[in-house]
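Subject: Structure handover

Hi there,

Here is the structure I promised to pass on. My notes follow below it, and I hope they are a handy starting point for you.

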Amino acid sequence: MDKVDLGEWPPLTSDAAELFMALSSGRRPGKVSDQAWLELKSMALVAGTPDTPRLRDPSRLLRRAESELRQKAAAVEAQVASCHEQLTPLVAGFAAWQARNDSPSSGFEVLSGFDEINMVITDALRDAKVEVLTAQPGGGRSASTLEDSLLRETELIQRGMRVRTLYQHTARFNPATRYYVERISEIGGEVRTLDEFFDRLIIVDQTVAFIPFADDRSSALALRHSAVVHFLRGVFDRAWIRGVEFAAEEPREISRQAVDSTRLAVARLLIQGHTDEVGARRAGLSIRNYREHIKSLMNRVGAQSRADLGFRIARSNLLDGMDDLDDGE
């Protein structure tokens, strides 16, 4: 018999294994899969033909499999030892360099490109021991991105981490996000939303924080200075307290509050003089929806222009509440 290819284990499909068990019990399967028979024959587990099969002892394959797997394990162990031998002195050298250059700026690392950013964040999450905090401004994210987040956060929760995530209110109306929230909540993840947040933020174990370094998020900062991380943790916690719990199934009143709060944020951003692009990004809306909110505000107060709308908002008490802006949605 040729050397067994153990690229994956088990080497046999379930159909082939079931066929062998059927033949070993004396049963004659009504229909024998050609592929299942060929698999058994390639492993020298059967001989003859499907009509007149002869079984061969699987213990021979077991012994060969054990031998190959042990050889592979030994090769992996040798690679691990080689990595330690080559990189351990480098780790010590870096520690010595860091000690000589210890200053407030030494706690800042610029990450360039999405590959490097994802690699460093993944390493930090792999070493996490207590909690992971994430703020994801903007509206709902894509289903594929949320599925990746769900897999990663499920693994963290199963390791005993506390995982808290902040979205903006607009994410509540995204079906993919609601499905993600339903699944992550079932296993202990916590999600809240609020009207506005300054930008994306990830904090791991109060030891490292990640923030964007460019508008297109193609670069980022990894912050390890304890004072800076502590400050950002405080910012997150204050936003978390203001946030509204996000449940997959929630009363209509909660959704109504989210709409009102978003409209209030749009009014505030308008009188602050932000461009539509900046205002939409900070409110977690598309530019089209941001402009629709402004149009709705103009209709509610009878404003003839944006300047008139800003003047009417600024001189009134509309920013103290949204009752006068309720359009009955």
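How many residues does helix α5 have, and how far does it reach from its first C-alpha to its last? Please keep in mind that this is a predicted model. Helix α5 runs over residues 143–158, so it has 16 residues by the DSSP numbering used here. From end to end it reaches 22 Å, close to the 22 Å expected at 1.5 Å a residue.

Leu 146, Ser 149, Leu 150, Glu 153, Leu 156 and Ile 157 are the buried residues of α5. They lie on the same side of the helix because the arc they cover around the axis is only 130 degrees. On the face turned away from that buried side, α5 carries the exposed residues Ser 144, Leu 151 and Gln 158.

Of its 329 residues, 38% are buried. Among contacts with a separation of 6 or more, 68% are between residues 24 or more positions apart. The protein exposes about 19,400 Å², and carbon and sulfur atoms supply 53% of that area.

Best wishes

Methods. Residues numbered from 1 in each chain as written. Predicted model: local features only at pLDDT ≥ 70, side-chain atom pairs only at ≥ 80, totals over all residues. Heavy atoms only, no water. Helix = DSSP H or I, 4+ residues; strand = E, 2+ residues; numbered from the N terminus. Expected span 1.5 Å × (residues − 1). Buried < 20%, exposed > 50% of the residue type's maximum accessible area, 1.4 Å probe, protein only. Arc of directions from axis to C-beta. Contact = heavy atoms within 4.5 Å. Areas by Shrake-Rupley, 256 points an atom, 1.4 Å probe, with all protein chains shown as cover.
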